[in-house]
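User: Please take me through this structure feature by feature, giving the general idea each time and then the case at hand.

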Amino acid sequence: MRSTLSDFLRFVRLFAAIPLLAFSAHAAADPASVVPATAPRTNVLAGRAAAFRAYCLTGEGAKAYALIKRDLDKDYMAMPFPAEPITYGDPSPSKRDSAKADKWRAVQDTCGRISGVAEAATLCWLVTGKEKYFAKAREILLGVAAWHFAPDWKSGDVAGATDITYNDEAHFRLWRKLPLVYDQLRDKLSPADGATILAHFKIRGARSAEWIEKEGDISQVSRNSIESGLSSHPVRFMPMTGLTALALWDDLPAAREWWAYSYKFYRDQFSPWGGDDGGWAEGTAYWRGVFEHAAFQDTLLALGDPLAYAAPFWKNSPLFAIYNVQPYLHTTFGDTSNAGHFNLEPVIADYFEHLARVQKDGRLLTYAALCTDQRIRPIDKGLDDLSRTYPTSAEFLVRNFIAAAYPLPQPAPLTSLPHNRHFRDVGWVSLHRALGRPDEDIHVTFKSSPYGSFSHSHADQNAFILNAYGESLAINSAYREFHNSPHHAQWTRQTISKNALLIDGVGQKAQSKTATGKITRFEETARTTWTTGDATVAYQSAQKEKTRVTRVTRDLVFIDSRYVVLRDRVELLTPAKLSWLLHAEKTLAWDAATSTSTIVGAQKKASLTTQILAANLTWRAIVTDQFPVPIDPKYAGGTVSGAHLTGKWTPHQHLTLESNESAAEFTVYSVLWPERGAKPAALAAKLVPDGTLTIQRPDGQTDTLTLTDEACVLR
């Protein structure tokens, strides 16, 4: 049974007596002790208004502020307050189709737009003192205060679509900003206005806190663990729970409970999606969500709390991007919203510049400078695309103001970092030939995770992704038009869309905490990096007879930081056919005579040659550019667009090699050689019965590799 918020509060009173972990030894045992005596307590704190005004008019924030004010005056001051969004039927993600997804997003857009305008108007009022900006922010606060909760959507389309229980993303866009707006305006609002706004906030805040605990089991969450009834959105909503608590500290008694709830979450429990290595199990696109959690850290920074950014997670979290996110568009593990792609976005670059100040780490500046994405940087963005953007440029302005006291360090080379890294907390291995030099780099990501296929992860234990020389080659075929779309549920989440294996056509169970993998080896020598993933449990999870699968392991050896050798070992109680899968953006071919696949990157910057070797085994090959479950036509046709969407919904190429023979035991070797340009390299490898590979490399060298469970010997 899940605990209630009151249960949690009883728990934390007892927990306060337990010694804290080493990293938080200097953090407050009593969360209330760090709260300032006077409001405002969020964004621009009491006594900081003059400094903020100077920062925006003549300081480092002048450019960003001028653009925010320009766009507010030009585009939004005359904007009428919108009608309250109405419901659109059953809100369950499982009931959402393409048309309903549009309505779901439209409600969020309305909320994002009005809260962003209220935020910008408040900051402009703080800087200029002009009544019109105060009036605009007040209008939005009072307008939203008239909106409804707990809509009876079964009776038809009714008001109340921004309630957290109906559209939690819409609520999120209101609640993370409007109490902070109120915190700045409080003293100028009339008693009647204040009473009206607080009456609404009391209900919205209580419903938010109750929903977060009910849906996310937050009081039971543990760092680097999904054993509780964890859910993605409640964790993402924790920063706003703490910040709204500070904003309403003097106004709502429950706010002090929300603060204790949030503060202790970040001190003692965060992050459930990763640990001291800085990983994020939901993937790099959802790693981007640390921006939201960083807002809580920035508030602690403003309050002078030593807890701010102090945990090992915060020290290492930037490395998860440095090792796994390239400047160019590429695929990655987990859900992505940019037409299946991710890259070093301008907003990430700005975040890294902020972290460089806070953490005094010039390497983060060097990584930020790799950004080539042409989308507008937050400092130049003004109020562009308010409906879909968060954090907004106004949030970046406040965040940068908080960190302005920290000097910007000198850039430092990324060469001080090792080329390869094992994120033990989440079961990711990232291998590089030239870390930080994307045009020279060969980048291999390998995953076998204790987090299973839960939340925004997929059924992809022991899968790999290979990018080289600025190009995606062996990809994760993973589009997501909207959450739980037919294509997302039946293709993207499934093992069949990965560079992985199938057993009698069956992969791993999707959306399962128990479909786990584990990295059992990460060893480096002068010429090799050898890592091993064990996905036995994940493959057992989807079989009718789970005991049938006794072993599924994959060894991955990165040789001379130049090419890859895989060794797949499968052992079964009863014979089956094995399928070996490979996916590409474009131009994938199979040559049966040499058991060789070739891939040419979509931009023809690079190519990949893959030779498959297995004793006493022959293959039936299928190459297709068809998905068994098609992409929603509206997305594939380009109807859905926006500033956030830079990838293309193009067909992918898929290779399935299915063994002609059934067996109870398989050993399959694969040699993968990436090469510059559009002409795949000629590769010739031979396998002798004792399991030794002789590899005639395209560069003229010859390697002999003996790879067993116990040893990796390269000669």
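**Reading burial, bonds and pairing**

Analyst: Cys56 has a relative accessible area of 1% and is therefore buried, a word used for values under 20%, with exposed meaning over 50% and partly exposed what lies in between, for a 1.4 Å probe and protein chains only. The model is predicted, so local features need pLDDT of at least 70 and side-chain atom pairs count only at pLDDT 80 or more, while totals for chains, interfaces and linings use all residues. Residues are numbered from 1 along each chain as its sequence is written, and side-chain values use heavy atoms, with hydrogens and water left out.

User: How many disulfides does a search of the whole structure find?

Analyst: A disulfide is a covalent bond between the sulfur atoms of two cysteines. Under the criterion of two cysteine sulfur atoms within 2.5 Å, the search finds zero disulfides. For Cys56, the closest cysteine sulfur is that of Cys124, at 8.4 Å, which is too far for a bond. Cys371, with a relative accessible area of 17%, is also classed as buried.

User: Is helix 7 enclosed or exposed, and what covers its buried residues?

Analyst: Helices here are DSSP runs of H or I with at least four residues, strands are E runs of at least two, and both are numbered from the N terminus. Helix 7 spans residues 178-185, and because eight of its eight residues are buried, the helix is largely enclosed by the rest of the structure. Among these buried residues are Pro179, Tyr182, Asp183 and Gln184. Their cover includes helix 4 (98-128), helix 5 (131-145), helix 6 (168-175), helix 8 (191-216) and helix 10 (238-247).

User: Which residues have the most contacts inside the largest nonpolar core?

Analyst: In soluble globular proteins, nonpolar side chains tend to be buried together. A nonpolar core is a set of buried Ala, Val, Leu, Ile, Met, Phe, Trp, Tyr and Cys residues joined through side-chain atoms within 4.5 Å. The largest such core here has 183 residues, and Phe201, Leu248, Trp259, Ile322 and Phe352 have the most contacts inside it. Helix 4 gives this core its largest share, 13 residues. Apart from it lies another core, of 18 residues, which includes Trp530, Val671, Ala685 and Leu705. If residues up to four places away in sequence are set aside, Phe352 touches Trp287, Pro318, Ala321, Ile322, Leu364, Tyr367 and Ala368, where contact means heavy atoms within 4.5 Å.

User: What does Cys712 touch, leaving out residues up to four places away in sequence?

Analyst: Cys712, which is found in strand 21, touches Trp530, Val557, Leu705, Thr706 and Leu707 on that count.

User: How many salt bridges does the whole structure hold, and where does Arg176 lie relative to its partner?

Analyst: Side chains of opposite charge can pair when their charged atoms come close. With a salt bridge taken as a side-chain nitrogen of Lys or Arg within 4 Å of a carboxyl oxygen of Asp or Glu, the search finds 50. Arg176 forms one with Glu395, the closest N and O atoms being 2.7 Å apart. This pair links distant parts of the chain, as Arg176 is in the loop between helix 6 and helix 7 and Glu395 is in helix 18 (residues 393-403), 219 residues apart. Both Arg176 and Glu395 are buried.

A second salt bridge joins Asp709 and Arg551, again at 2.7 Å from N to O. Because Asp709 lies in the loop between strand 20 and strand 21 (712-714) and Arg551 in strand 9 (residues 549-559), the pair ties together parts that are 158 residues apart in sequence. Asp709 is partly exposed at 32%, whereas Arg551 counts as buried at 14%. Both belong to a network of salt bridges that also includes Arg521, Glu523 and Asp555.

User: Which strands pair with strand 16?

Analyst: Two strands pair if DSSP finds at least two bridges between them. Strand 11 (residues 578-584) pairs with strand 16 in the antiparallel sense over six bridges, and six bridges also join strand 15 (residues 619-624) to strand 16, again antiparallel. His654 in strand 16 is the bridge partner of His583 and stands opposite Thr624. Five of the seven residues of strand 16 (residues 653-659) are buried, so this strand is largely enclosed by the rest of the structure.
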